[in-house]
Amino acid sequence: MKGDILLGGLVPVHSKNVDLQCGELQERLGIQRLEALLYALDKINAANSTLLNGITLGLQLYDTCSSETMALDKSLNFIYSQLKSESTSSRVVGIIGAAYSSVSIQIARLSRLFEIPQISYDSTSFELSDKKRFGFFSRTVPHDNFQAKALVDVLKYFNWTYVSVVYSDDSYGILGVDALRSAATRAGICMASSHKVRSSGHESTYLLVVDSILSEPLARTVIVFAQVHQIRGLLHAVQVRNAADQLQFVGSDAWGNVVWLKDLQSVALNTITVSPKSVRLKGFEEYFTSLSPINNSRNPWFQEYWEHHFNCSLNETLGKYPTKCNDSLKLSLGNSDIDMRIASAIDAVYAFAHALEAMHADLCRYTVGVCPAMENISGSELLGYIRNASFVGATGEKVHFDANGDVEGIYDVMRFEKSSGTYRNVIIGTWKDKLRMRNEHKFEIVKSSCSDECSSDEVMLPVRGKEACCWSCEPCKGNSYVINRTTCLTCPLGSWPNHSADRKQCLQIELQYFGKNLMYAVPAMGFAGTGIFITIFVVYLLAKHDKTPIVKACGRELAYLLLVSILLCFSDTFIVVLRPTRIICIARFFLSSLGFTISYAAIFIKTNRISRIFNRRNVAKRPILVLPSSQLVLVLGVVCVQALFLVLLTLLRTPTARHFYPTVDTVYLSCSTSDLDFGLSQVYNFILIIMCTVYAFKTRKIPSNFNEAKLIAFAMYSSCVIWLAFLAVYFMQRSLVERPLILSISISLIAYVLLGSLYGPKVYILIFRPHRNKTKTETRTIAFSRPAPFYTAPPPLPYHP
């Protein structure tokens, strides 16, 4: 096709056979692409065209047969035309093509060397964006990095996170998968297996690939980044293995409109493909369906296409076709599937036209046609105009090139489906920077992931050997909560994850202390409260019979003081159940020891007094400190020693309320009194118990009215047994909940022993044997030396053994 300015064209009219020669004719990728170039040139060269101001474009076109070698050989003709002619009408100033990336790479090296601008309409390999190697290459289709992002967005949309990949061994497949792998890694999508297939791969090769894919049953989605003949080989192997219903294919732009599937259509059902945006071009459809061998002589391969398309022969000699073509045959939309992707081929022609128009405007001003300044067009200068070209393309989208000669990525997402017995591609979404899916697609979405989505309170634990993509969902255990998809963070001590907020934060755990545990606190208080009631009753009873012999004989002042100390012991339980504070802890520390100190001190002073009175050698000598007031002072002195010791311990290590953490989900508030301090606080009491026992033994033979030795001894022995049992259990028990219970019960139990042992017999006589509470004849008189008697023993109480 002649014109004022000549362009070169490379179209894969035929496929490549196993001998790397021209094989079968390609109707869509070959003939329709070629006719799209001619259609665009017709539009530009039309008399009513507003482009190029009277300049026409010509085309010198060659069939590459989908072969790098053959395309390179044909391209040398473009170089020859530049070397032997300076006329723009016979010298190729730019190249349109090629289709395959592997072919375009070879041509781009040559065009860079001879500075011939090249615009491809189908080559998507990202390698061609390297301007250091392919400086004169541009294209009207987006590169594979855009496509990789679109494919990954589709995988994410359908939650296909564990996939297999099959790709061709050329730059299209290798670089496309590299871009896909990079984008998939960032998106958290993993490749279970990756298979590279050669152009000359045999059926056995594809069967091995399919077997390998099927060995990963969780990876049911297969991404295919390969050329048409390799896709067919793969689908045929899937058909042989009867595995079509087990796999979900996702194809790159090489799948096109999948008309070439033919007998493999059922295998590819539901295939999702991502392809540069395409639209129906009614103008081209009308142009193409109007063509016939009679009116299209400029296309040297059109007769071959006609015969191939209608399966008939145009010659009298039938040759390889069974019948002769009749004159009634006509192309139509019904018998010709028009490729909607021919828009990129039309845009490639228009890109040259707009660049030449801009150059003409700058160099020729208002001159019509090619001016002398454009006779010898510089390739590098034309390249600058191409990169600055901007126009509305055949799809209605704006076409402009960036610094690398690439256009914006706009894709259709299509699904291959069967409707009313017819297989066809249906657009289910688009991609431009992000995926926009239509909601009306209706098909069963397969599961292709090795892990389920974890809930908000679970983290992903990688599966060994498949750490990048497979995981198990595990909840954060104990007091841990989720901070991201893979990490649990432990709450600080005293806090617990907030379950109502998806365990995203920690809340303070409710404090526990002995008084809150009603199962323990109520029985302890009931036990102590009963003792308080009995003690008060005893006080009342003794006060009521205050003037009787039995009350007088027991020493009223010390008896009442002893009862007060027993009340303090019972009251200790009610201090223990209170919420611990600094004051409460100090009170507990003092009361748990001081109550017994008062009790034992009173018993000790009482028995000491009786011993000094009845066991003295010189009966004429007056004993000292035997008056009631003196006895109280002595008790006070004995108690002050313990009180001073407790004050020193408190100053040294002050008991205070402290948080303890027996378990991660429990915060227990208790006093900080150590076992050592508690043990030291009871040492003095044990000394008093020993002294009381000694004096009880020494007074065992005094008159019966005054003889409480057996009762005191029994009280001391019982107290020792309880104390030893208590200390053993208390120090071995580490439970913060049970320790206060043991302490409370033990103190109350010892108080019961003292109350029962020392006052039980007296209460019994006062209530049930009042006749014994009377004076009887003295059996022994004790007098002091004259002239002034100091003490005369009161008459003995009646006693009936």
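A salt bridge is a side-chain nitrogen of Lys or Arg within 4 Å of a carboxyl oxygen of Asp or Glu. In this predicted model, Lys277 and Glu397 form such a bridge, with their closest N and O atoms 3.0 Å apart, and the structure holds 22 salt bridges.

**Salt bridges between separate parts of the chain**

- Side chains of opposite charge can pair when their charged atoms come close.
- Lys277 and Glu397 meet in a salt bridge in which the closest N and O atoms are 3.0 Å apart. Because Lys277 lies in the loop between strand E12 (272-276) and H8, while Glu397 lies in the loop between strand E13 (390-392) and strand E14 (398-400), the pair ties together parts that are 120 residues apart in sequence.
- Lys277 counts as partly exposed, at 29% relative accessibility, and Glu397 also counts as partly exposed, at 23% relative accessibility.
- A salt bridge joins the side chains of Asp42 and Arg298, with a distance of 2.5 Å from N to O. Asp42 is in helix H1 and Arg298 is in the loop between H8 and H9, so this pair ties together parts that are 256 residues apart in sequence.
- Asp42 is partly exposed at 29% relative accessibility, and Arg298 is partly exposed at 39% relative accessibility.
- Arg198 and Asp169 meet through their side chains in a salt bridge of 3.9 Å, N to O. This pair links distant parts of the chain, 29 residues apart, with Arg198 in the loop between strand E9 (190-197) and helix H6 (203-214) and Asp169 in the loop between strand E8 (162-168) and helix H5 (171-187).
- Arg198 counts as exposed, at 56% relative accessibility, whereas Asp169 counts as partly exposed, at 26% relative accessibility.
- A network of salt bridges links Arg28, Arg33, Asp122, Asp253, Asp337, Asp339 and Arg341.

- In soluble globular proteins, nonpolar side chains tend to be buried together.
- The largest nonpolar core here has 62 residues, and those with the most contacts inside it are Leu57, Phe284, Phe288 and Leu382. At least two residues of this core are supplied by each of several elements, including strand E1 (5-11), helix H1 (27-45), strand E4 (57-63), helix H8 (282-289) and helix H10 (343-363). H10 gives the most to this core, with eleven residues.
- Both domain 1 (5-141 + 340-388) and domain 3 (293-330) give residues to this core, so the core lies between these domains.
- Not counting residues up to four places away in sequence, Leu57 touches Met1, Lys2, Gly3, Ile5, Leu7, Leu41, Ile44, Asn45, Leu52, Ala353 and Leu356.

- Leu76, Tyr80, Leu83, Leu113 and Phe114 make a nonpolar surface patch of about 520 Å². Helix H2 (residues 68-84) contributes the largest share of this patch, three residues.
- Leu76 is placed in helix H2, and Leu76 is partly exposed, with a relative accessible area of 31%.

**Backbone features in loops**

- Most residues other than glycine have a negative phi, and most peptide bonds are trans.
- The peptide bond from Gly97 to Ala98 is cis, with omega near 0°, and Ala98 lies in the loop between E5 and helix H3 (101-113).
- Ser66 is not a glycine, yet has a positive phi of about 60°. Ser66 is found in the loop between E4 and H2, and Ser66 is buried, because a relative accessible area of 9% falls under the 20% limit for that class.
- Asn242 likewise has a positive phi, near 55°, in a residue other than glycine. Asn242 is found in the loop between helix H7 (228-240) and strand E11 (248-251), and at 63% relative accessibility Asn242 counts as exposed.

Terms used: Residues are numbered from 1 along each chain as its sequence is written. This is a predicted model: local features need pLDDT of at least 70, side-chain atom pairs count only at pLDDT 80 or more; totals for chains, interfaces and linings use all residues. Side-chain values use heavy atoms; hydrogens and water are left out. A nonpolar core is a set of buried Ala, Val, Leu, Ile, Met, Phe, Trp, Tyr and Cys residues joined through side-chain atoms within 4.5 Å. Buried means under 20% relative accessible area, exposed over 50%, partly exposed in between (1.4 Å probe, protein chains only). Helices (H or I, at least four residues) and strands (E, at least two) are DSSP runs, numbered from the N terminus. Domain bounds come from an automatic or database domain assignment. Contact means heavy atoms within 4.5 Å. Patches are made of residues with over 30% relative accessible area and no salt bridge: like charges are joined within 9 Å, nonpolar side chains (Val, Leu, Ile, Met, Phe, Trp, Tyr) within 5 Å. Accessible areas come from the Shrake-Rupley method with a 1.4 Å probe; for residues, only the protein chains shown count as cover.
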